[in-house]
Amino acid sequence: MNDLPVPHLVTGVRRETADTVSITLAPAGAEALEPFAPGQFAMVYAFGVGEIPVSVSRIGRRELVHTVRAVGAVSAALCALRPGARVGLRGPFGTGWELERARGRDVVVVAGGIGLAPLRPLVLAALDTRRAHGRLNLLIGARTREDLPYADQVRAWAHSHGALHCGATVDRPSPGWWGHVGLVTTLLNEARFVPENSTAYVCGPEVMIRATARDLLHRGVRADRIRVSLERNMRCATGHCGHCQLGGVLLCRDGPVIGWDRAASLLDVREL
Amino acid sequence: MTKNPAAGVLDRDGLSALVEVLIARGRTVIGPTVRDGAIVLAEITSADDLPFGWGTQVEAGRYRLVPRTDGAVFAHTAGPQSWKTFLHPPRERLWSAERAQDGTLSVTGDDSGQPSYAFLGVRPCDLRAITIQDRVLAGGRYPDQGYRERRTGAFLVAAECTEPGATCFCVSMGGGPAADSGFDLALTEVLDGAGHRFLVRSGSEAGQEILADLPHRPADAATRDAARVAVDEARDRMGRAMPPVDLRTLMGESLEADRWDDVAARCLTCGNCTMVCPTCFCTTTEEVTDLTGDHAERWQRWDSCFDVDFSHLHGGPVRASSRSRYRQWLTHKLSTWYEQFGSSGCVGCGRCVTWCPVGIDITEEARALHDERAGRLRHEQRKETEQ
């Protein structure tokens, strides 16, 4: 259903950081949404407050997890929900990461802060289909350790020397920080990938996306194999409200995930 | 559209009969009326409501009604509204939501039923604008159901243009004063020694059926010729023209032009141009609750890319400057619209020029951007030859 929100029950709430919460949602009645692909988003409706676009951060068989940062009225209302509360969901909308594009290639996933949320289902899917890809890298940057979502999972990934090479870095270290310090792009030096035969997936603040994509391109990753997820204030998610325009791209329809071959020139223009 | 459209001639009584027949068939007839010193589209109950004997004088930032001595009814140019007011209304309820005592949520759509419209006097520029909005609102993966219902249920009576205004430039946008398709009936007003009459052609089966119910006579050669001449002459009397260049490329190559600062110094970012534009479709949403707090409604209303909140993202607006907001509007209209919806978003109706409070002229801005680009290219060539 894409016109009307389908009622969902909040079955779990987990605080990720000081301003970020993951909510687990299951259909409240018989009606359920079509399955989501990693990278796609839903319009999440907080009764009486409003509706915002949120990517899926985990895709279960019946349940979906959305990770929300409280930055406005609707996101703050969603972050304040308790188990048992109801929200409405429309979706799935937009393009996904399309892991199949990485078949037979090394995979480089780069996340900035809460940008890890839409990338998490991609990483989980890549771990499930390890044989289809080359080496798998997950590089995460955050301002501080306290701004790192899914901290336990990230730490477990970083300390397991298995299928996934995971590195994490912060701008400002606090006591007990176990990872690197500096920009997320510095982690690319340690990552295990052959640039010419890699597919990259990048999500984070625009400035971080720009720096990471340029670095990857410089190392030899093809522009169309650098997939980035962009953000604008969508009101309808169905291509009609005009709010998510970025040049000729309607991000709710042609995005949020687009190739760097298309995104590069658009992100070069100030205030586009 | 039928291949050999039936044609006839209506006189003034025939026009009255057209309105009566459409109303008798349960349609809400919308046509041009005179109100508040302008031609305003509103519901009409008889042909007497139409603006007989009124014309318009327009310029950049100026619109005046002027009386005409010839009694013409369709000799006015585009008013401040367009048909989107009815097909894509300024406010629309998307859904209602109820929260029960046990916290359960229920959401219901707004299926109060759509009116069955007949639009009388649709200009060829506005016919093209409707086709463009069709692609935007009903042509994609998620058609707007309300729009689609109103649109497919609407009966369109076009009025070919015989009196273009000083701000009109449809010919340079690939259009023109003739109505070729997309209508149920098309009228061409003829005023000469043989009297005040309308050449009428049908463009659909529904049109043919209505025409059969109207008192009319077969189209004679003199009326056909007079109608053709009037429309042909209108084609040569457009008040303005876009520069004859590929506007899509021009905009794409002008994103960093200095001209945006020039126009930003004049633009009030009031959004008038987006409100009067017959293709501008952007909307925002509002959440409304009643006093109990258990009943909420989601409303959609027209929005404008000139509003600073339009590009709001946590942390602030993406387009904070007037320069970037005017650039968004113009480049969307003339260029990125192609990527999004397969055509230009401009039909050359001239409304944005007429209703801009400071008289910013889209054709003049396009020409200035063209000149600036030409200057840039000359400069680059000179530098190359010097090297």
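## A salt bridge inside chain B

B:Arg351 and B:Asp126 form a salt bridge, with their closest N and O atoms 2.8 Å apart; the term stands for a side-chain nitrogen of Lys or Arg within 4 Å of a carboxyl oxygen of Asp or Glu. This is a predicted model, in which local features need pLDDT of at least 70 and side-chain atom pairs count only at pLDDT 80 or more, while totals for chains, interfaces and linings use all residues. Residues are numbered from 1 along each chain as its sequence is written, chains are lettered from A and ligands numbered from 1 in the order in which they are written, and side-chain values use heavy atoms, leaving out hydrogens and water.

## The two domains of chain B

Chain B divides into domain 1 (7-235) and domain 2 (247-386), with bounds from an automatic or database domain assignment. Their C-alpha centres lie 27 Å apart. Here 38 residues of domain 1 of chain B are in contact with 41 residues of domain 2 of chain B, contact being heavy atoms within 4.5 Å. These two domains bury about 3600 Å² between them, and carbon and sulfur atoms give 58% of that. Buried area is the accessible area (1.4 Å probe) that two parts lose on being put together, summed over both.

How many salt bridges are there between domain 1 and domain 2 of chain B? The count is 4. Between these domains there are also 31 residue pairs in polar contact, both residues being at pLDDT 80 or more. A polar contact is a pair of N or O atoms within 3.5 Å; within protein, one must be able to donate a hydrogen and the other to accept it, and residues adjacent in sequence count only if both atoms are side-chain atoms.

## Chain B as a whole

Chain B has 12 helices and 16 strands; these are DSSP runs numbered from the N terminus, with helices (H or I) of at least four residues and strands (E) of at least two. With a radius of gyration of 23 Å, close to the 21 Å that the globule rule gives for 387 residues, chain B is as compact as a globular protein of that length. The radius is taken over C-alpha atoms, and the rule is 2.2 Å times the number of residues to the power 0.38.

## Where chain B meets chain A

Between the chains, 49 residues of chain B are in contact with 43 residues of chain A. Together they bury about 3700 Å², 54% of it on carbon and sulfur atoms. B:Trp95, B:Leu105 and B:Tyr142 supply 20% of the area that chain B buries against chain A, more than any other three residues.

The rule finds 1 salt bridge across this interface. A:Arg262 forms a salt bridge with B:Glu339, where the closest N and O atoms are 3.6 Å apart. Helix 10 of chain B gives the most to the side that touches chain A, with 8 residues.

## The two domains of chain A

Chain A is assigned domain 1 (6-93) and domain 2 (99-268), whose C-alpha centres are 22 Å apart. These domains bury about 1700 Å² between them, 60% of it on carbon and sulfur atoms. A:Phe41, A:Ser57 and A:Arg58 supply 24% of the area that domain 1 of chain A buries against domain 2 of chain A, more than any other three residues. Across this interface the rule finds 0 salt bridges.
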